[in-house]
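Here is a brief report on a surface patch and a pocket. The structure comes first, then the details.

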Amino acid sequence: MLATLLQALVSGLAVGGAYALVALGFSITFTTTRTLNFGHGEFVSVGAFIGVGALFLFAGKPITTAAFTGLALNGWEYLLAGLAAVVVMGLLGVLLYVFGVRPFASRPGMAWVMSTLGFGILLQSAAFAVWGPAPVTVPAPFGDEVIRVFGAGVRSQELLLLAVAVAVMVLFDRVMNRTVLGKAMRAVAANPAVANLMGINVNAVMTGAFFASSALAGLAGFLVAPITSASIFMGLAIGLKGFSGAMIGGLSNPRGCVLGGFVLGLLESYVNLWQSQWREVAIFGLVILVLAVKPTGLFGKRLVEKV
């Protein structure tokens, strides 16, 4: 029983790490631009396939290869493939902001909501045309053997996902609180007009926010692919649960968003031990309960606009 609980703990933290990366991405764009990328789940899916396509290229195969059978890959190739997923998705996030968010964000209404949804659908359709609907089983960089820890079976990719997610979040927290760039981002989040008067390039900061947010989505997709298989449709659930984690923790609080992602991952894992069909009920029931008690999330702050 103890081994089962420990295994669920590690699995929940690993999946929660993916949710937390996505939740952090939502928080970055919301705090700096007061907008959200509602196509974020598609960025997760396409990021996974960008990384998979890079791995196939390194192995001398077309990016549309259906399986990794017989292919030998090393750690450096996985690292470069992950970097490709991060950079490409970050650049696509910049395109989304320049053409799909910035022209509409300052206008009345919420046209940017439809533009982000539309951009996500375009990405998904393009990926569908290139890779097709079939999922691709991705080998883990450290092998797929089960590691035994106090009787619990843990996969190396789960530990890697958790370690990378925690490292990225710690790095982001230090950047936000101890660097000039972080101070600029917090200034833009607090008041873009005043930040502009202080000499901060507000547009560059907002563009960088979408780059970082989309890059995190690509990273999450690439890291979770060896666990769930890479699929064009995998990002929908991850994006939705990442957004739910952000809502639980509070969109205006990056640390709260990260915590919310981990909480949902753990809840999902432990409910699976009991009745897997109740997993979604438990997750979204918790979201509704938290928002009913505290609409801004557990750690979020109410936004006050002076007029």
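## Model and numbering

In which helix does Leu 80 lie? Leu 80 lies in helix H3. Helices are DSSP runs (H or I, at least four residues), numbered from the N terminus.

This is a predicted model, where local features need pLDDT of at least 70, side-chain atom pairs count only at pLDDT 80 or more, and totals for chains, interfaces and linings use all residues. Residues are numbered from 1 along each chain, and side-chain values use heavy atoms, without hydrogens or water.

## Nonpolar surface patch

Phe 58, Leu 80, Leu 83, Val 87 and Leu 91 form a nonpolar patch on the surface. Together they have about 430 Å² of accessible area (Shrake-Rupley, 1.4 Å probe). Patch residues have over 30% relative accessible area and no salt bridge, with nonpolar side chains joined within 5 Å.

Helix H3 (residues 75-105) gives the most, with four residues. Leu 80 is partly exposed at 43% relative accessible area, and Leu 83, also in H3, is partly exposed at 48%. Partly exposed lies between buried (under 20%) and exposed (over 50%).

## Second largest pocket

About 430 Å³ of space lies in the second largest pocket. Of its 17 lining residues, Leu 171, Phe 172, Phe 211, Ala 212 and Leu 216 are closest to the centre. A pocket is an open set of points on a 1 Å grid where a 1.4 Å probe fits, with protein on both sides within 12 Å along at least five of seven lines; lining residues have an atom within 4 Å of a point.

H8 supplies the largest share of the lining, nine residues. By class, the lining has 16 nonpolar, one polar and no charged residues.

Terms used. Patches are made of residues with over 30% relative accessible area and no salt bridge: like charges are joined within 9 Å, nonpolar side chains (Val, Leu, Ile, Met, Phe, Trp, Tyr) within 5 Å. A salt bridge is a side-chain nitrogen of Lys or Arg within 4 Å of a carboxyl oxygen of Asp or Glu. Helices (H or I, at least four residues) and strands (E, at least two) are DSSP runs, numbered from the N terminus. Buried means under 20% relative accessible area, exposed over 50%, partly exposed in between (1.4 Å probe, protein chains only). Grid points are joined across faces, edges and corners, and a volume is the space filled by probe spheres set on the points. Ala, Val, Leu, Ile, Met, Phe, Trp, Tyr, Cys and Pro count as nonpolar, Asp, Glu, Lys and Arg as charged, and the others, Gly among them, as polar.
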